[in-house]
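Trainee: I would like to learn how to read a helix and a sheet in a model. Where do we begin?

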Amino acid sequence: MSNFKLPQLPYSYDALEPYISAKITEIHYTKHHQTYVNNLNAAYDKISTAIKNNDVQSQIDLQQSIRFNGGGHINHSLFWENLTPANSKDFRGGAELKKQIEEQYGSFKKFEGKFIELLLGIQGSGWGWLVKDNETAKLVLFSSPNQDPVPSKYTPLIGIDFWEHAYYIQYYNNKADYAKQIFNVLNWEVAEKRWKGNYELKL
């Protein structure tokens, strides 16, 4: 029996206000993320049965469910940890990573603008990512559709959920405002730990 669990939220539901409302955080965490965990456990139980029964077709059919719900679990677990309470000093940290960002993008403001532009270019539902290329050590901005996880050639540093469930009941269709405001609660201390390789995601 698989036993993936919802990770403990590292702050209260209202800690991200006014940038992300308590109601969004509560619903996003207890409903959306919990559903990915439940569905992932169910898919793993089914595929275990299919393996025991040598049912190859069912194993193949379950791959998409594992990718979608497993990606949802991984991505959201990363997401909660790369946010920090609005009154925290963590968003002011990450000095070494920010220096690398400035060197590569010209300034932190230019980087922020490119990240926001990337987010607003997402069609449908997806994620915006700042990652480290593990081969070149360069920073890379890219987007992924649906709940696709970050490819293993990259180390995720910051992931921003750009599904409607992450912002709609507060920002409605004003995606640009959500994209700008979430920068006020990004945890650059965690991002720098990921960048330095001093971080392990526990699922």
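Trainee: Which residue in E3 is the bridge partner of Leu130?

Mentor: Some ground rules. This is a predicted model: local features need pLDDT of at least 70, side-chain atom pairs count only at pLDDT 80 or more, and totals for chains, interfaces and linings use all residues. Residues are numbered from 1 along each chain as its sequence is written, and side-chain values use heavy atoms, without hydrogens and water.

Mentor: Strands of a sheet pair through backbone hydrogen bonds, either parallel or antiparallel. Ile158 is the partner of Leu130. E1 and E3 pair in the antiparallel sense over 7 bridges. Two strands pair if DSSP finds at least two bridges between them. Strands (E, at least two residues) and helices (H or I, at least four) are DSSP runs, numbered from the N terminus.

Trainee: In what order do the 3 strands form the open sheet?

Mentor: The order is E2-E1-E3, with antiparallel pairing. E2 and E3 are the edges, each with a single partner strand, so one side of each has no neighbour in the sheet.

Trainee: Which residues of helix H4 are buried?

Mentor: Buried means under 20% relative accessible area; exposed, over 50%; partly exposed, in between (1.4 Å probe, protein chains only). In H4 (residues 95-105), Leu97, Lys98, Ile101 and Tyr105 are buried. Their directions from the helix axis to the C-beta atoms fall within an arc of 100°, so they line one face of H4. On the other side, Ala95, Lys99 and Glu103 are exposed.

Trainee: What follows just after H4?

Mentor: Gly106, with a positive phi of about 100°.
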